[in-house]
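Here is a short briefing on the packing in this structure.

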Amino acid sequence: MAVVTESDLKLAIKNKSFAKVYYFYGRDIAAVEKNTKAIVSKAVKKEEETYNLHAFDGKNFDIDEFSDACEALPVFAEYVCCTVCDMNAEGLSADILKRITDITADLPETTVLIFYYTSVDVTDGKKFPTAKNKKLMDAAGKNGGVCNFALKPPAVLTKEIMAGVSKEGCGISRDAAAFLAEQCSCNTLMIENEIEKLTAYASGNEITVDMIKALSPRQIETTTFDLARAITRMDAKAAMRLFGDLAQEKTESIIILY
């Protein structure tokens with residue numbers, strides 16, 4: 001399976017040198033969406049989208065329309081781009097899955113196909129993708145590239161937060177940026193939303209830790225998930241801190257246990 005990194009994708013987008021098929025998944029949903037949109041916008045110009053961009057919903061999927069779109073030649077353009085959002089292969093029959101993998105193996109040179117996931121967990125909560133999802137992933141990797149967008153480490157996000165806040169005309173210290181990354185559990189989609197809210201509130205001033213605490217309260221569901229992970233890896237210090245956060249927010253015991 002051909003694994004590609006975000007750096008590989010950045011270079012491919014810059015040079016407009018695309019693989020025939022991509023498979024994007026992972027916990028960093030913002031990165032999944034960002035790279036999908038970047039490839040689409042580079043492969044197909046806005047004025048070319050009517051005939052050359054075909055977006056499919058994986059939950060309401062028509063295999064014949066998909067096949068026709070993937071095999072179509074571009075109309076007054078360089079590429080045809082097909083996207084499939086949130087297709088859970090576990091819900092497909094063996095015949096339909098085989099047709100899809102056969103299509104990915106025989107794409108025209110002018111077709112760019114992207115499978116991407118924003119609300120479907122292809123691992124079903126486990127470490128590795130489920131059997132059918134793995135089959136689709138392998139087919140994409142054999143003829144293109146697969147990228148698992150994992151959450152970025154706090155140190156990387158801290159720098160990105162500082163740069164993002166500065167771009168909006170506000171300031172934020174390294175400690176405050178690190179605190180925001182922790183509040184959002186390193187989820188870049190949440191971080192982007194919070195930066196937009198915080199910079200609007202700060203209106204050109206410094207974003208402080210107190211401001212983040214007031215405007216960006218930690219998600220209870222996220223905190224309990226982090227607590228469960230800390231307990232699993234026997235990290236007592238982190239577990240006690242997270243439990244303290246929940247207690248301070250007066251979270252009911254039944255919610256924590258659930």
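Beyond its neighbours within four places in sequence, Phe 66 is in contact (heavy atoms within 4.5 Å) with Phe 56, Phe 61, Val 84, Ile 100, Ile 103, Leu 113 and Phe 115. This is a predicted model: local features need pLDDT of at least 70, side-chain atom pairs count only at pLDDT 80 or more, and totals for chains, interfaces and linings use all residues. Residues are numbered from 1 along each chain as its sequence is written, and side-chain values use heavy atoms, with hydrogens and water left out.

**Nonpolar cores**
- A nonpolar core is a set of buried Ala, Val, Leu, Ile, Met, Phe, Trp, Tyr and Cys residues joined through side-chain atoms within 4.5 Å; buried means under 20% relative accessible area (1.4 Å probe, protein chains only).
- The largest has 27 residues, and Phe 66 is among those with the most contacts inside it, as are Tyr 23 and Tyr 117.
- Elements giving it two or more residues include strand 1 (21-25), helix 4 (63-71) and helix 6 (131-143); helices (H or I, at least four residues) and strands (E, at least two) are DSSP runs, numbered from the N terminus.
- Helix 4 gives the most, four residues.
- Another core, of 21 residues, lies apart from it and includes Val 32 and Cys 85.

**Val 4**
- Val 4 sits in the segment before helix 1 (6-15).
- Val 4 counts as buried because its relative accessibility is 17%.
- Its C-alpha atom is 5.7 Å from that of Val 146, 142 residues apart along the chain.

**Helix 8**
- Buried residues in helix 8 (174-183) include Phe 179 and Leu 180.
- Their cover includes helix 7 (154-167) and helix 9 (188-202).
- Ser 185 follows helix 8, with a positive phi near 55 degrees.

Key: Buried means under 20% relative accessible area, exposed over 50%, partly exposed in between (1.4 Å probe, protein chains only).
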